[in-house]
Structures are given as C-alpha cells and as structure tokens.
Amino acid sequence: MPKINGNEIKPGFIVEHDGGLWAAVKVNHVKPGKGGAFAQVELKNLRDGRKLNERFRSEDKVERVELENKDQQFLYETDGRLVFMDSETYEQVEIDAELLGDRRAFLQDGMMATVNYFGEEPLNVTLPQKVRCKVVDTEPVQKGQTATSSFKPAILDNGVRIMIPPFIGPDEDIIVHTELMEYSERA
C-alpha cells in the first residue's frame, strides 16, 4: 500500500489509521499564523461507522488503501444479512444490512450493485445512482397546480417517503436518486 503525506489526504480517500480502515469524509487544510500547516480530517470507520477528527501534518505518513470494486447481483435478505452473488464466479457473500442504512429500501431483488472489498472482506455497497419505483400513495392531482414548483409528499412501493411534483399521481412509476433519496424524473 502506498504511503502518502498527511496533507495529501482528500475526501473519499481510504486510509489505514490506528489499526482500522477509515474513509476521509471532510478535509480542511489549515495554515495557522504560528507553526506548521496541517490537514484537519474527519474520518469515518468503514467497519463500525465511528467518526473521528484527526490532524495530519505534512510530515505525517499515512497508508492509502485501494479497495477492489466488484459488480454483484443482490439475491435475498436473511436475518439482517444481504446475500450478493458474483456473476462471474457464482460465489455468494453475506453483508450486514446495516451497512446500507436508509438506502436499503432501494435494493431490489436481482439488482446489480458494486461491492467494495478490502482483500476478501466486503466493506461497502454502492447502489445504482437511479432506481425505478412506483408511487403507492399521494395527494390527488389538482388542476392548475402543474405550473408551480411546489412538491407534495408521496409514499413509494418500498415504504420510503419522498417529495414529488404535483403532476405525479398514484400508481405512476418514477425514477429516484438513491444517494439523495429524492425524485429525479418520470419513468
């Protein structure tokens, strides 16, 4: 694994620090009037979700870790574990459902997702950016309201509540942005 200087850390970098794997969430470079410059880094533990604020000076050396990304198919959920299958080797891997958090609702049977591995250990799951969902319940369409930019609440077929444009009615398919968890477009 390559070593980098502490001031080279950027958001999204995965580093090995204090015996754990951490993702850099926010990085703020500080140059005080007195003393040397440093990077104030907010880190998130990839295994247990803990957060940590750490200062790295330019002379500090940090191990940068590259994760291996594999596209895998979601099969099913059992006892709070998500089962994914490698479409090339047909090997199955179980991942804790808590890893996805609120995005878990957008995971659909047979969906392809990107699983991030550190060696043989799965650490994260990245869902497709946009997913098709059906509106189950919302307020009825009101005539003349389509020109306004106001949004109304809706419940999707996966139980997620989002805000949608007033011209969308029940039983319509929409595209939802999974990272932002908001309406993107009509399907």
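Before you click anything, one term: a residue is buried when its relative accessible area is under 20%, exposed when it is over 50%, and partly exposed in between, using a 1.4 Å probe and protein chains only. Start with Y90, which is exposed, with a relative accessible area of 59%.

A word on what's loaded: this is a predicted model, in which local features need pLDDT of at least 70 and side-chain atom pairs count only at pLDDT 80 or more, while totals for chains, interfaces and linings use all residues. Residues are numbered from 1 along each chain as its sequence is written, and side-chain values use heavy atoms, with hydrogens and water left out.

**Stop 1: two loop residues with positive phi**

Stay on Y90. Its place is the loop between β8 and β9; strands here are DSSP runs of E with at least two residues, helices are runs of H or I with at least four, and both are numbered from the N terminus. Check its backbone: Y90 has a positive phi of about 65°, although it is not a glycine.

Now select D79, in the loop between β7 (68-78) and β8. D79 isn't a glycine either, yet it has a positive phi of about 50°. Is D79 buried or exposed? It is exposed, with a relative accessible area of 78%.

**Stop 2**

Go to M85 in strand β8. It is buried, at 15% relative accessible area. Leaving aside neighbours within four places in sequence, M85 is in contact (heavy atoms within 4.5 Å) with Q72, Q73, L75, Y90, E91 and Q92. So that's Y90 from the opening turning up again, as a contact of M85.

Next, select A97, in the loop between β9 and β10. A97 is buried, with a relative accessible area of 11%. Its contacts beyond four places in sequence are E77, G80, R81 and L82. Draw a C-alpha to C-alpha distance from A97 to L82: they are 15 residues apart in sequence and 5.6 Å apart in space.

For a contrast, pick D102, which is also placed in the loop between β9 and β10. D102 is exposed, at 60% relative accessible area. Its C-alpha is separated by 35 Å from that of R57, 45 residues away along the chain.

**Stop 2: the cores**

A nonpolar core is a set of buried Ala, Val, Leu, Ile, Met, Phe, Trp, Tyr and Cys residues joined through side-chain atoms within 4.5 Å. The largest one has 27 residues, and F84, L156 and I174 have the most contacts inside it. To see where it comes from, colour β8 (81-86), β9 (92-96), β10 (112-118), β12 (130-138), β13 (152-156), β14 (161-164) and β15 (173-177): each supplies at least two residues of this core.

Zoom in on L156. Not counting residues up to four places away in sequence, L156 touches F106, C133, K134, V135, V136, I162, I174 and V176. A second, separate core has 11 residues, including I4, I9, W22 and V62.

**Stop 4**

Select T178, in the loop between β15 and β16 (182-186). T178 counts as buried, at 1% relative accessibility. Where does its side chain reach? It gets to the backbone oxygen of P128, at 2.7 Å. Beyond four places in sequence, T178 touches R103, F106, L127, P128, Q129 and V131.

Then move to N116 in strand β10, buried at 9% relative accessible area. The side chain of N116 makes a polar contact with that of N69 (2.4 Å); such a contact is a pair of N or O atoms within 3.5 Å where, within protein, one must be able to donate a hydrogen and the other to accept it, and residues adjacent in sequence count only if both atoms are side-chain atoms. Among the residues that N116 touches are L67, E68, L123 and N124.

**Stop 3**

Which strand gives the largest share of the lining? That's β11, with 4 residues.
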